[in-house]
Amino acid sequence: MIAYSAAALAGAAVMIYELLAIRILQRYFGGTMDVWASEIAVCLGGLALGYAIGGRLADRFRSQRIVGIFLFGAGAAGLLIHPLAEWAGDAFVSTELLIQWQPLMAAGVSTFVPIAALGTVMPLTIGALSRDADHAGRTAGRVAAVSTLGSIVGVLVTPMLLLRHFGIVETLNFTSGLLILAGALMQIQRRTVAVVLTAAFIPAFGQVQFETYSNYHHILVEDAGDVRALLFDNNQQSLMSLSDPSTGGFEYTDYFHLPLVLDPKITRVLFLGLGGGTGPKSFLRNYPAMRVEVVEIDPEVVKVAKQFFAIPDDPRLSIQVADARTYLQRGSARYGAILMDAYASGPRGMAYLPYHLATQEFFTIVWERLDNGGSFFFNAIGRHNGDNAEVLRNVLVTLESVFQAVYVFEARTSINTVFIAQKIDMGALDANGLREGKTWPEGPWMAHPLSGAQWQELIGGLGPGVMVGVPNLPQRVTQFSRAQTARRNGVVLTDDFAPTDVGGR
C-alpha cells in the first residue's frame, strides 16, 4: 500500500510541478504556446530519463527504501523550482541570445531534475513489488494506473484548489514537503522526518502592492508617482492616473472612439476584455446615454479592476465573466460597436492573440452582432514589417473577408496596431443606399475609403450632442499603418488554421 501511495504521489507531483513552473515562466516569456510546449517537453524528457534510470536500478535494488530516496530527492529539488525559474527568467530576458530556445532552457534549468527523480519512482515501485515473473505484468499495470490517477488528481487540484487558496511558493513548498516526508517515512528514520518537516514549510512571500495568480495570468498592480499600472505576466496592460481615474491609458485607447465617428447614434457597446477598464470608464464619462457591456474571461481581473482601477458602480455598466466568443455565440443582442482588447502577453512586451478570437468564423459572429453601420475595434500588438507583422497581415485580410470597410492605424508611442472594421449590410439598406433613409451621421458612411483629412472632417462635423472626449483624435486618424495601402499578402485565418498564439517574430 505504501508503494502504491508513493507512485500516486509522484504522479500528482509531476503535474503540479509542471503547471506551477508554467505559471512562473509565463511572467518572463508570456502565456504563449512556446512556454507550454517547452515545459511539457522538459517534463517528458525528465520522465524518460527517470524511467531509464529507475528501470536499471530496479533490477538491482528491489526495495521500497530506494523509492523513498528518490522521492526525498525530488522534493528537495522541487524546493528550488521557484528560485531557479526566477533566476533563469531574469537571466534570459536580458539577452537576445537564443531567444527562441529561452523558454525551453529556463524550463530545463528549473524542473528537469525533480521531474527526472519522480520518473524513477514508477519502475522502482514496480521492481519493489514484483516477486516473480508471472505477476510482473499485473504489477506494472497497477502501478502505472495508480500513477496516472495521481497525475489526474494533480492536474485537477492545482487550478481548482491550490492556486485558488495558496500562492505559487506555498504550493511548491507544500508539494515538495509531502514528497520529502513520504521519502523520509519510507526510510523509517524519525530524525530525518523532523528535518523534512522543518524544511518543507518555510514560508517565502514577496512584498508587492498587489499580486495574485489567476488561472490565466500573474497579475500585478504597481504605482509610480501619479500613475497606476496593471501588469499581466510582467507586461503592462493598463495605466491610470491616480488623481483622475477616468484618464490615463495608452495611446491606442484613443481609437476606441472611432466607431462613434462612423456612426454617432451608437447607444450600446460591448468591450471584449476588461484590463484596467480604460475604455469603459471613458465611454461612461463622455457619453451619458451609452450602455456599456464588458466580457472578461478572468474573474480575478474583474476583482482587481474594481478594487484598484476605479471601475464605477454605474447602472449603465454590465460586466460578465465569460469567454468572448462563447458570450457572443450564446447571445442575441446587437451593438453599435464591439471593441476587442483581449490578448495574451508574450516575451518583451509582445502579445499573442487567442486564436479563436482572430478567425474568419469569429469575425463573422461579430459582424452578425453589430447594427448596420456599426464598427469592430480590434487591437493587436505589432507593426507592419516589424514585430508580429505576419499575424497583422493575416488579421487584415481576414477582417476584409468579412467587413465592408477596414482601416489600420498605428500608435506612435507603443507597438499597437488598431483595426477599425465597419459593417455595411448592403442588402439591409434602402434602394438609395441609405440606412432607413438617413445619411451620415445617422447612417453608414458610404464614401469609403476615407483619407485622414476626411476622417478629420467627420470628427469636426460631430454635433454638440456627441462628445468625443479625446482631444488628440484628429491627429490619431492621420496615423495610418503602411499596411493600409500595402499589397495584401496575408492568409485568411480560420478555425482550422490560425497560428496566432505560437510565438514568432
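Which helices do the buried residues of H4 pack against? Point 2 takes this up.

1. Basis. This is a predicted model, in which local features need pLDDT of at least 70, side-chain atom pairs count only at pLDDT 80 or more, and totals for chains, interfaces and linings use all residues. Residues are numbered from 1 along each chain as its sequence is written, and side-chain values use heavy atoms, with hydrogens and water left out.

2. Helix H4. The buried residues of H4 pack against helix H1 (2–29), helix H3 (64–78), helix H5 (102–119) and helix H8 (168–185). Helices (H or I, at least four residues) and strands (E, at least two) are DSSP runs, numbered from the N terminus. Buried here are Ile81, His82, Ala85, Ala88, Gly89 and Phe92. Buried means under 20% relative accessible area, exposed over 50%, partly exposed in between (1.4 Å probe, protein chains only). Down the axis of H4, the buried residues fall within an arc of 135 degrees, so they line one face. The arc is taken from the directions from the helix axis to the C-beta atoms.

3. Cores. A nonpolar core is a set of buried Ala, Val, Leu, Ile, Met, Phe, Trp, Tyr and Cys residues joined through side-chain atoms within 4.5 Å. The largest has 74 residues; Phe283, Phe376, Phe378, Phe403 and Phe419 touch the most other members. Strand E11 (residues 370–381) gives the largest share, 6 residues. A second, separate core of 42 residues includes Val14, Phe92, Val121 and Leu162.

4. Phe378. Neighbours within four places in sequence aside, its contacts (heavy atoms within 4.5 Å) include Met340, Leu353, Phe363, Val395 and Phe419.

5. Asp254. This residue sits in the loop between strand E4 (235–241) and helix H10 (258–262). Asp254 counts as buried, at 14% relative accessibility. Beyond its neighbours within four places in sequence, Asp254 contacts Val470, Asn472, Leu473 and Arg476.

6. Aromatics. Rings of Phe, Tyr and Trp (its six-membered ring) pair if their centres lie within 6.5 Å; planes under 30 degrees apart count as stacked, over 60 as edge-to-face and the rest as tilted. The whole structure holds 18 aromatic pairs. Phe250 and Tyr252 are stacked, at 6.4 Å centre to centre and 15 degrees between planes. Tyr252 is buried, at 3% relative accessible area.
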